[in-house]
Structure formats: C-alpha cells, structure tokens
Amino acid sequence: MMNQSIKIILIILVLGGSLLSGEDKARKTIVGEKAPPWSMKTSLGKFEFLKDYVAPKEQKLRNADQERKVVVLSFFASWCQPCIKEIGELHKLKEMYADQPVQFFLVNLTDYFRYNEKETKKYLEAPDAMKFLADKGLTDITILEDRGGILARPYGVNSFLPRLFVIDKYQIVQMDEGGLCPTCIQDEVGAVLDKLINE
C-alpha cells in the first residue's frame, strides 16, 4: 500500500513538472533577440512594416529618410479585461512620448481566437474589438489586425494576454512582458523608453 502511494506521488510530481515546463516554454521571453520582422494590415486597411521604424545597425530603414524609432507592440483581445486596462495606460504613455521617436502599435487577436478556438464561449461572444475600443475612446494607437496569428506565432504569443514588447531602434527586443500590472506601465515601460530613445 505504501509503495502504491509513493508511486502515485511520484507520477503527480513528474506530470506536474512537465506541465510547468510546458507553460514556461509557452511564455518564453525573447528579450535580447532580434525582433521577428513583419508587415501587417491595420484596422484602416493600410500596411505597416516593422522595417519602417527599426533595422539592425548595419542596415538602413526601408525608407532611408525616416527616423529610427523605438517600437511598443501590445497584443490584446476584446475578451481580455487586463488588456483593456493596459491599452488605457498605453494611451497615456503615448501622449507622454508624443514628441519622441517612439511608435505604438496594438495587435488585435480577437478574431484569431474567435475562429481558431471555437469551443470557447468567451472567444465566440467577444465584442468586435474596434467598436469596443471606440466606445471607450481608445482609438488613437494604430491597430494591427492579426486574424491568422501571423504576428503572434513568431513572437510566442498565446492566450496569456496582454503581452507587451518594446523593440529598440536596432530591432532588438528589450522588453517582453505578459500581464504587466496596469499601474506599472508608465514607470516600467517609461524607464525602458527613456533609456532606448537616447541610444
């Protein structure tokens, strides 16, 4: 009987450990890595390219006349309440850095989860993200539409939202945070931006 109990405990420990390590892999940080490049359609139908804002030191931007910028990229969905709080704080941050070389983007994953996770009620019943943000007066940050997970996958983004990245002017990820507390955003992201703007 004692051996049976020990076996059960060992199985639970092994399974629990593998589950935890799987969760860690799903949320693996990419800080210090080159940001995966992208070209994405905005909610207004225009295309945005990462290489219009950042490029490795030895390369020029796609448009050589443009100034390099620090890029803040926040993945969200309308069903995610912490995301909406983060977006509100990012709007304040955008106003604070209005005259600085910083570009803010929101990446809308609402439809990606709606059409790829059909069994989950909260995804199916999630409000339209554009209308939802418009009703809250949160529409002055460019929104990239990622209905197919094209941007989410290379950045390792899953349903653990919000997920925020800060990419420096030379295309290196300097911040990768999931579920950053809304009240921390101005202090923590602001400190990173202050450092990177002057590099």
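Predicted model: local features only at pLDDT ≥ 70, side-chain atom pairs only at ≥ 80, totals over all residues.
At 6% relative accessibility, Y123 counts as buried, because the cut-off for a buried residue is under 20%.

A search of the whole structure finds nine aromatic pairs. In the pair of W79 and Y123, the ring centres are 4.7 Å apart and the planes stand at 55 degrees, so the pair is tilted. One aromatic cluster is formed by W79, Y112, F113 and Y123.

Another of the pairs is made by Y155 and F165, whose ring centres are 5.1 Å apart and whose planes stand at 70 degrees, so the pair is edge-to-face. This pair links distant parts of the chain: Y155 is in the loop between strand 5 (142-145) and strand 6 (163-167), and F165 is in strand 6, 10 residues apart. Both Y155 and F165 are buried.

In soluble globular proteins, nonpolar side chains tend to be buried together. Here the largest nonpolar core has 57 residues, and those with the most contacts inside it are L73, F75, Y155, L161 and L193. The element that gives the most to this core is strand 3 (residues 70-76), with six residues.

Seven of the seven residues of strand 3 are buried, so the strand is largely enclosed by the rest of the structure. The cover extends to both faces: V70, V72, S74 and F76 are buried on one side, and V71, L73 and F75 are buried on the other. Strand 3 pairs with strand 4 (residues 102-108) in the parallel sense, over seven bridges. Within this pairing, V102 in strand 4 is the bridge partner of V70.

L161 touches F75 and F76, and also A77, W79, C80, C83, L109 and F113, when residues up to four places away in sequence are not counted. L161 is joined to P162 by a cis peptide bond, with omega at about 0 degrees. P162 is found in the loop between strand 5 and strand 6. Most residues other than glycine have a negative phi, and most peptide bonds are trans.

A positive phi, near 75 degrees, is found at Q171, a residue other than glycine. Q171 lies in the loop between strand 6 and strand 7. These two strands form a hairpin with five residues between them, and Q171 is in its turn. Strand 6 and strand 7 (residues 173-178) pair in the antiparallel sense over five bridges, and F165 stands opposite D176 in strand 7. At 8% relative accessibility, Q171 counts as buried.

The charged end of K57 sits over the ring of Y170, 5.1 Å from the ring centre. R62 lies over the face of F49, at 3.9 Å from the ring centre.

The average pLDDT of the protein is 86, and 86% of the residues score at least 70. Over residues 5-26, pLDDT stays under 50, and the model has two contacts beyond four places in sequence for this stretch.

How values were computed. Residues numbered from 1 in each chain as written. Heavy atoms only, no water. Core = buried A, V, L, I, M, F, W, Y, C linked by side-chain atoms within 4.5 Å. Buried < 20%, exposed > 50% of the residue type's maximum accessible area, 1.4 Å probe, protein only. Helix = DSSP H or I, 4+ residues; strand = E, 2+ residues; numbered from the N terminus. Contact = heavy atoms within 4.5 Å. Phe/Tyr/Trp six-rings, centres within 6.5 Å; stacked < 30°, edge-to-face > 60°. Lys NZ or Arg CZ within 6 Å of the ring centre and 35° of its normal. pLDDT = per-residue confidence, 0-100. Pairing = 2+ DSSP bridges.
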